[in-house]
Amino acid sequence: MEDQFDIRKEKLKKIESLGIPAYPYGFDKTHRLQELRDRYGDRSAEELEKLEDRFRCTGRILSQREMGKSAFLHLFDGEEPLQIYIRKDVVSEKDFQLYKLLDIGDIIGLSGRVFKTKSNELTILVESLTFLAKSLHPLPEKWHGLQDKELRFRHRFLDLIGNPETRRVFQIRARIMQTIRSFFLDRGYMEVETPMMQPIPGGAAARPFVTHHNALDIDLFLRIAPELYLKRLLVGGIEKIFEVNRNFRNEGISLMHNPEFTMLEFYELYRDVYYYMELTEKLLTLLGHQILGDQPLARGELTIALKTPFRRVKYMDLLAAATGISVEDLWQEDTLRQYVKKRFPEEDVPPTFGKLLDILFDHLVEDHLIDPTFVTDYPKAISPLSKVSRLDIRETERFELFIAGMEIANGFSELNDPVDQRQRFEAQAVDKQKGDDEAHAVDESFLFALEHGMAPAAGEGIGIDRLVMLFSGASSIKEVIFFPLLRPKE
C-alpha cells in the first residue's frame, strides 16, 4: 500500500498542474464560520433562501462525504466545525477538479451562501473554491482528535484541531490573563518587565538553570522569580507594579510542576499582608464571575465555592492539628526531626529546620486544604523575604492561598529592613552549606538597593498555570501549557 505521504504529495503536484499555486500568499475572507452560525443558525430554510448575502470563509477539512457529483464536507477554523456543500453544477470545472484532489486535513478558502439542509443543518453552498494548503499527513483518527495524552502534549497542533476541550482550556487561560491585566491596570498599577537572566538567582527557594554568556565570560541564571528586581523598582518610587512572565526552576516534572511556568507578581507601597489578602479575594471572585458566571469551581467530584471571606488559619496551628504535637513543641527542631524519622522513614531527613517544616506541611496539610484557605503567619525560617510578625518574632506576615489542595498564591508584608534582610540571607547561606541547594544566596546588589530605603510594601505572586487548572478543571499542568516540557523521544 502506497504511503499516504507520497499519495498526498502526488495530489499536490496535480493541483499545481491545474495552474493552482501550491502555497498561495493569502485569502481575503469576510467571516469566520462561528459568525455565520451565530447570525443565521436560528433562521428558517425559507428565510435563508431569500438572502442574497455572499461570504468568503476559510478552514481545514475535517470530513468528506461524497455523493457522485456533489459532496458534503465539514470545515474547521478554530471553533465548531461547519458543514459545506460542493456541487459540480455550481462550481467551475476547475474548482471541481480541485475538490477531487483534496484530502481530510487540507486548508481551503471558499465563497458562497448559506442554506439549511433537509435535516435543518446550517450549510454553506460553495460557489468558488480556493486551495490554501495541503496536509501531507492524515489527521489522527479522522477528525475525532488525539486520545493519547503523550501525543496530545507532544503534538499540540493536532490536539487543538481535534479536541474542543483543549481549545476551551486555552480560551479560559486567555480570559484569565485579560482579566488580571484589567484588574491591576484599573487600580493604577504599572505593568513592568524585569530580567529573565540574572547574575544571582533569588526571590524564591528553588534550584536554578545555569547558562553562560560568552562575550562577558560569566555564568547567568534563568530567573526563579522576579521579586528582587521588582522590589528595586519600589525603592525607585514606583508605587504600584505588576509583572506577568516566565519563571524557570530546575526541578522535577509532576501534575503540578513544569520547569518553565508563568507567574503574576504584584507589589504596592504602603500596604501590608492583610490588605493583600482582601485584594486577592477580590481578584479570585472577579475571575470566578468572568470565567464561571458565579458557578462553583469543579475539581473532579468536588465543588468549591469562592465565597468570601476566605478562611484564615495559622501555619503552625495546621501542623499541630495534623501531627498532634503542640505548637510550642513544633518550634523545637529535635522534636520535628524525630517525628519525621518516625512518620516518614522512607524520606531523607532534611538538613534544616525549615525543610523539616516543609516536608510535614507538604505531606500532612496541603491536600486537605480544599475550600479557599489563607494559611498565615509562616515561620521566619522558611520566609527569608517577609517582614517579622507584629505578634510573634518567630513568625512572619506571610500567607499562602490554597484551593483544592493547590498552592495558588504567596504574599507577604515585604521585609524592608536591610540589616534584617542581610541576616536572613546569611542564615540561608548557612543552610546552603548544610546541603539545602534551594537556599537563597546573599544578593549584595539587592541589599545595596534596600539600604537606600524602601517604604513599607506588600507583595504577592500567583501561579497562572495553577489558576488556569483551577478554573478549567484540568488535572495536570501539562493540560494548561501549550508546549509543556517532555522527555525527548528516543
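## Close-ups of a predicted fold

**View 1. Seven rings gather in one aromatic cluster.** F183, F184, Y189, F242, F266, Y275 and Y276 form this cluster. Rings of Phe, Tyr and Trp (its six-membered ring) pair if their centres lie within 6.5 Å; planes under 30 degrees apart count as stacked, over 60 as edge-to-face and the rest as tilted. Keep in mind that this is a predicted model, in which local features need pLDDT of at least 70 and side-chain atom pairs count only at pLDDT 80 or more, while totals for chains, interfaces and linings use all residues. Numbering starts from 1 along each chain as its sequence is written, and side-chain values use heavy atoms, with hydrogens and water left out.

**View 2. The whole protein, for orientation.** The protein has 16 helices and 18 strands (DSSP runs numbered from the N terminus: H or I of at least four residues for helices, E of at least two for strands). Along the principal axes, its C-alpha atoms fill a box of roughly 85 × 50 × 50 Å. Of the 490 residues, 50% count as buried (under 20% relative accessible area; exposed is over 50% and partly exposed in between, with a 1.4 Å probe and protein chains only). Take the contacts (heavy atoms within 4.5 Å) with a separation of 6 or more: residues 24 or more positions apart account for 66% of them.

**View 3. Helix α10 against helix α13.** Here α10 (residues 315-323) packs on α13 (residues 353-364) at about 65°, and their axes are 10 Å apart. That's why α10 counts as roughly perpendicular to α13 (65 to 115 degrees; under 35 is roughly parallel, over 145 roughly antiparallel, the rest oblique). The axes are lines fitted to C-alpha atoms over the stretch in contact, with angles running from 0 to 180 degrees between N-to-C directions. α10 passes α13 in a left-handed crossing (the near helix is turned anticlockwise from the far one by less than a right angle; clockwise is right-handed). On the α10 side you'll find Y315, M316, L318, L319, A322 and T323, which meet L357, D358, L360, F361 and L364 of α13. The residues of this contact split into nine nonpolar, one polar and one charged (Ala, Val, Leu, Ile, Met, Phe, Trp, Tyr, Cys and Pro are nonpolar; Asp, Glu, Lys and Arg charged; the others, Gly among them, polar).

**View 4. Helix α7 crosses helix α9.** The axes of α7 (residues 164-186) and α9 (residues 273-292) come within 10 Å and cross at roughly 140°. So α7 is oblique to α9, and the crossing is right-handed.

**View 5. Two aromatic pairs.** A search of the whole structure turns up 20 aromatic pairs. F96 and Y99 make a tilted one, 5.6 Å centre to centre with 45° between the planes. Both sit in helix α4 (residues 93-100), three residues apart, or about one turn, and both are buried. F425 and F446 pair edge-to-face, at 6.4 Å and 65°. This pair links distant parts of the chain, with F425 in α14 (residues 418-433) and F446 in α15 (residues 444-450), 21 residues apart. Both of these Phe residues, F425 and F446, are buried too.

**View 6. T130 in strand β5.** T130 is found in β5 (residues 122-133) and counts as partly exposed because its relative accessibility is 29%. Setting aside neighbours within four places in sequence, T130 is in contact with F27, L98, I108 and G109. T58 is 72 residues from T130 in sequence, yet 9.0 Å from T130 in space, C-alpha to C-alpha.
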